[in-house]
Amino acid sequence: MPKAAASLPLSGLFGVTKPSGPTSMHIVNQLKRLVSNSRLFVEADKPEKMAGKRKTRKDRVKIGQGGTLDPLADGVLVVGVGKGTKRLNDFLDCAKEYRTTCLLGCETDSYDSEGARVRTAPWRQVTREKVEDALAQFRGEIQQAPPIFSALKMDGMPLYDYARKGIPLPRPIEKRPVTVHALDLVEWKAGDHPYRWPAKAFSAEQKKALAQSLAGVSPDAPVEDDVAEGEPTPDEVPTAFVLSMRVSGGTYVRSIVHDLAHALGSAGHVVTLTRSRQKDYVLEPKEEGDRACVPWEVFETALKDEGERDADGWTAWEREVLDKLVVVEGGASNS
């Protein structure tokens, strides 16, 4: 076991397969419960003080993640421990790969199924061929506007506060240059799927507030329903399709889906989102240099019961991390 032969405790990086549901911060906090009590990452207790107070084991270990995933999203989440946290910026502005499902006919405030319905629009006219043709305009170097319901700030206020309170934006949301290296339609589900529009919908007052916030900078942004087709009938399911993409850091997958639906004369939102690659961490290693991730179930089991230790004194979760850990010593790293 070469990594364990290094002097303990270790610092390093490893990937985790985040499940859909919890926030990235929740995942990190759960991991910290294990990491802060493992001799793999933390020295034995010493009477160490900081600001006049004794530091706990939990306080003495640094842990962070290299690129937040929304609660809805699952997939690769890169985690750094100790000196490994200093390397996490390497994973912010790197190529990433995603697989996402778009559900047509409805857009939400968050651009995904976690949000509330803002407007509905026709979808029956959208065909597979039309989607494939429309994708071309989203490949390559493009200018992308972040969603108005995002935490990005304008003049010190989050964009979502402008939208929720009906405060006019002082200027247009600045578009950002991003690169879409690859974008493909990989599955046409049509109406054969379990996804439905969110039950929660914007009230008339909420739509008015959103329109007011956009009035000075994007007066043509639609916020009212396009009722030409009406709601789906009880036995009808709006069209869905799956995209795969490889994009630069800073790309909003939700915005690509939102803007694509508009280009199709419809509306749409994300119902599934999986990050399959973040730099060299992947869900399914296929290329030389690819690094596998530790399944979240390994940590979930350990949080309930760490179980027996092996002949070298490691628990099952520690062994999994050791097998995949990139050890970081100072500014360098050793696999």
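A charge sits over a ring, for this tour, if NZ of Lys or CZ of Arg is within 6 Å of the ring centre and within 35 degrees of the ring normal. You're looking at a predicted model, where local features need pLDDT of at least 70 and side-chain atom pairs count only at pLDDT 80 or more, while totals for chains, interfaces and linings use all residues. Residues are numbered from 1 along each chain as its sequence is written, and side-chain values use heavy atoms, with hydrogens and water left out.

**Stop 1: charges over rings**

Select Arg 39 and Trp 314. The charged end of Arg 39 sits over the Trp 314 ring, 3.9 Å from its centre. Now pick Arg 124 and Trp 123: here the charged end of Arg 124 is over the ring of Trp 123, at 4.2 Å from the centre.

**Stop 2**

Thr 239 is in the loop between helix H5 (204–214) and strand E13 (240–247); helices (H or I, at least four residues) and strands (E, at least two) are DSSP runs, numbered from the N terminus. What does Thr 239 touch, leaving aside its neighbours within four places in sequence? Its contacts (heavy atoms within 4.5 Å) are Cys 102, Leu 103, Leu 104, Trp 123, Trp 188, Ala 190 and His 193. Thr 239 is buried, at 11% relative accessible area; buried means under 20%, exposed over 50% and partly exposed in between, using a 1.4 Å probe and protein chains only.

**Stop 2: strand E13 and its partners**

Slide along to E13 itself, where 6 of the 8 residues are buried. Two strands pair if DSSP finds at least two bridges between them. Strand E6 (residues 96–104) runs antiparallel to E13, joined to it by 8 bridges; for a landmark, find Arg 99 opposite Ser 244. Strand E12 (residues 176–190) also pairs with E13 in the antiparallel sense, over 8 bridges, and there Leu 183 stands opposite Met 245.

**Stop 3: helix H6**

Next, select residues 253–263, which make up helix H6. Of its 11 residues, 8 are buried, including Val 253, Ile 256, Val 257 and Leu 260. Step past the helix to Gly 265, which has a positive phi, near 75°.

**Stop 4: the aromatic cluster**

Show Phe 14, Trp 296, Phe 299 and Trp 317 together: they form one aromatic cluster. Rings of Phe, Tyr and Trp (its six-membered ring) pair if their centres lie within 6.5 Å; planes under 30 degrees apart count as stacked, over 60 as edge-to-face and the rest as tilted. The count comes to 6 aromatic pairs. Zoom in on Phe 299 and Trp 317: their ring centres are 6.2 Å apart and the planes are at 55°, so this pair is tilted. Phe 299 belongs to helix H7 (residues 296–304) and Trp 317 to helix H8 (residues 316–324), so the pair ties together parts 18 residues apart in sequence. Phe 299 is buried at 1% relative accessibility, and Trp 317 is buried with a relative accessible area of 1%.

**Stop 5**

Not counting residues up to four places away in sequence, Gln 30 touches Trp 296 and Leu 303. Is Gln 30 buried or exposed? At 18% relative accessibility, Gln 30 counts as buried.
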